[in-house]
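Hi,

Here is the structure I promised to pass on. Have a look at it first, and then read on for what turned up.

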Amino acid sequence: NTRRFYEELAGRAARDGTLALYFLRREGRAVAFHFGLQQGRTYFLLKPGYEPALSACSPGQLLMEDVTADLIARGVGTFDFLGPDMPWKREWTDRVRAHTWYSIHARGRLGQVLHAAKFRVSPAVKEVLGPWLH
């Protein structure tokens, strides 16, 4: 489902000219990538990734350097990392924007069950299992 979501999003973004894909390659093989959208002068990083076996070489950070240089050269003025604050993002900026998550559930029994699972059961399980999850 996740893959299908990103494939559909990429197709729509390609059609409207907002798709931005960047790759860092080693011997012809992608070792890091950015799946982003560019609207006007803003770049939105939707999904970064890198080859975990090469993490000691920081391929994701190396690609970030290339991406930011390209965006600056093309006149893009804003880079939005999206999502929560994370240490690797702080290596690139000291600014943080608040992000809000919304969860919409249908009325009826299924919606009530999903709401309870997300906001009551899941937090309770995380609290009990917390020490073993890390």
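Before the details, one cut-off: a residue is called buried under 20% relative accessible area, exposed over 50%, and partly exposed in between. Please also keep in mind that this is a predicted model.

With that cut-off, L82 comes out as partly exposed because its relative accessible area is 24%. L82 sits in the loop between strand 4 and helix 3, and its phi is positive, about 60°, although it is not a glycine. S58 is another residue to look at for its backbone: its phi is near 55°, again a positive value in a residue other than glycine. You'll find S58 in the loop between strand 3 and helix 2. S58 has 33% relative accessibility, so it counts as partly exposed.

The side chain of K89 reaches the backbone oxygen of L82 at 2.6 Å. K89 belongs to helix 3, which covers residues 87-90. Leaving aside residues up to four places away in sequence, K89 touches F81, L82, G83 and P84.

D85 has a partner elsewhere: it forms a salt bridge with R90, with the closest N and O atoms 2.9 Å apart. Both ends of that pair are partly exposed, D85 because its relative accessible area is 45% and R90 because its value is 42%.

Now the other salt bridges. In general, side chains of opposite charge can pair when their charged atoms come close. The count here comes to five salt bridges. One of them joins E51 and R29, whose closest N and O atoms are 3.0 Å apart. E51 is in the loop between strand 3 (42-50) and helix 2, while R29 is in strand 2 (residues 29-39), so this pair ties together parts that are 22 residues apart in sequence. E51 counts as partly exposed because its relative accessibility is 25%, and R29 is partly exposed too, with a relative accessible area of 45%.

D70 and R74 make a further salt bridge, and their closest N and O atoms are 3.0 Å apart. D70 has 27% relative accessibility and so counts as partly exposed; R74 is partly exposed at 43% relative accessible area.

How much space lies in the largest pocket? About 540 Å³. The lining of the largest pocket is made up of 21 residues, and F79, D80, F81, T93 and R95 lie nearest its centre. At least two lining residues come from each of helix 2 (59-73), strand 4 (78-80) and helix 3. F81, one of the residues nearest the pocket centre, is also among those that K89 touches.

Last, take a look at W132. This residue is in helix 4, residues 109-133. Is W132 buried or exposed? W132 is exposed, because its relative accessible area is 67%.

Over to you!

Key: Residues numbered from 1 in each chain as written. Predicted model: local features only at pLDDT ≥ 70, side-chain atom pairs only at ≥ 80, totals over all residues. Heavy atoms only, no water. Helix = DSSP H or I, 4+ residues; strand = E, 2+ residues; numbered from the N terminus. Polar contact = N/O pair within 3.5 Å; in protein donor to acceptor, adjacent residues only side chain to side chain. Contact = heavy atoms within 4.5 Å. 1 Å grid on protein atoms, 1.4 Å probe; cavity = no way out; pocket = protein on both sides within 12 Å on 5 of 7 lines; lining within 4 Å. Points joined across faces, edges and corners; volume = space filled by probe spheres on them. Buried < 20%, exposed > 50% of the residue type's maximum accessible area, 1.4 Å probe, protein only. Salt bridge = Lys/Arg side-chain N within 4 Å of Asp/Glu carboxyl O.
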